[in-house]
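Here is a short briefing to read alongside the sequence and the model. It goes by topic.

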Amino acid sequence: MIMLSGSQRDYDAMGGKGTDGSPAWAPEDMAALHEFMAAWNNELVESGEFVDARGLSAPVHARRIQLSDGVPVVTDGPYPETQEVLAGYTIVECDSFDRATEIAARLAKTPHPESATLTNGWYVDVRPIAEGIDDL
């Protein structure tokens with residue numbers, strides 16, 4: 001699974017509302033991002049490695065449940081603008097973990113406005129999906 005991260009600030013900028021000194025993305029910036037991601041996904045479909053992909057809604061629509069003194073406490077989003085959350089994922093089925101890493105590394109070329117402020121730098125995580133208890 002290839003996991004992409006983001007923050008509320010990132011969602012705001014991409015939605016045309018720059019916040020906290022971060023400029024808003026122009027419609028053409030979003031179009032370039034969508035075009036890049038569509039091409040990346042289509043390559044995976046064509047190679048037979050694509051399994052599933054989804055983007056997640058902004059953190060403002062999230063709820064976090066944490067234990068406080070043994071009691072679940074629910075906190076509605078948004079979380080602090082610098083706090084990262086899972087923004088989306090892509091599941092690939094390929095020959096090796098190295099191949100999954102190679103696929104994920106291509107996302108480093110994802111277009112963004114030159115003036116965009118990345119909350120905590122760019123990265124994606126790649127993790128195998130556990131198939132059973134022995135994989136944990």
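**Proline 113 and its surroundings**

Leaving aside residues up to four places away in sequence, proline 113 touches Trp25 and Asp29. The model is predicted. Proline 113 sits in the loop between H3 and E6.

- Proline 113 has a relative accessible area of 9%. The cut-off for buried is under 20%, so proline 113 counts as buried.
- Leucine 33 is 80 residues from proline 113 along the chain. The C-alpha atoms of the two are separated by 9.7 Å.

**The sheet**

- Four strands make up an open sheet, and their order is E2-E5-E1-E6. The pairing is antiparallel.
- Strand E2 (50-55) and strand E6 (124-126) are the edge strands. Each of them pairs on one side only.
- From one strand to the next, the twist averages 20 degrees.
- Backbone hydrogen bonds are what pair the strands of a sheet, in either a parallel or an antiparallel sense.

**Strand E5 and its partners**

- Strand E5 covers residues 85-92 and is joined to E2 by five bridges. E2 and E5 run antiparallel.
- Glycine 55 has glycine 88 in E5 as its bridge partner.
- E5 also pairs with E1, over five bridges and in the antiparallel sense.
- Serine 5 has leucine 86 in E5 as its bridge partner.
- E5 is largely enclosed by the rest of the structure, because seven of its eight residues are buried.

**Helix H3 against the sheet**

- Helix H3 is formed by residues 97-105. H3 lies across strand E1 (2-6), E5 and E6.
- The angle between H3 and E6 is about 165 degrees.

**The nonpolar core**

- The largest nonpolar core holds 17 residues.
- Ile2, Trp25, Met37, Trp40, Val92, Ile103 and Leu107 have the most contacts inside this core.
- Helix H2 (27-47), H3 and E6 are the elements that give two or more residues to the core.
- H2 supplies the largest share, six residues.
- Methionine 37 touches Leu107 and Thr110, not counting residues up to four places away in sequence. Methionine 37 and Leu107 are both among the core residues with the most contacts.
- Trp25 is another of those core residues, and proline 113 touches Trp25.

Methods
Residues numbered from 1 in each chain as written. Predicted model: local features only at pLDDT ≥ 70, side-chain atom pairs only at ≥ 80, totals over all residues. Heavy atoms only, no water. Pairing = 2+ DSSP bridges. Axes fitted to C-alpha atoms, helices over the stretch in contact; angles between N-to-C directions. Contact = heavy atoms within 4.5 Å. Buried < 20%, exposed > 50% of the residue type's maximum accessible area, 1.4 Å probe, protein only. Core = buried A, V, L, I, M, F, W, Y, C linked by side-chain atoms within 4.5 Å.
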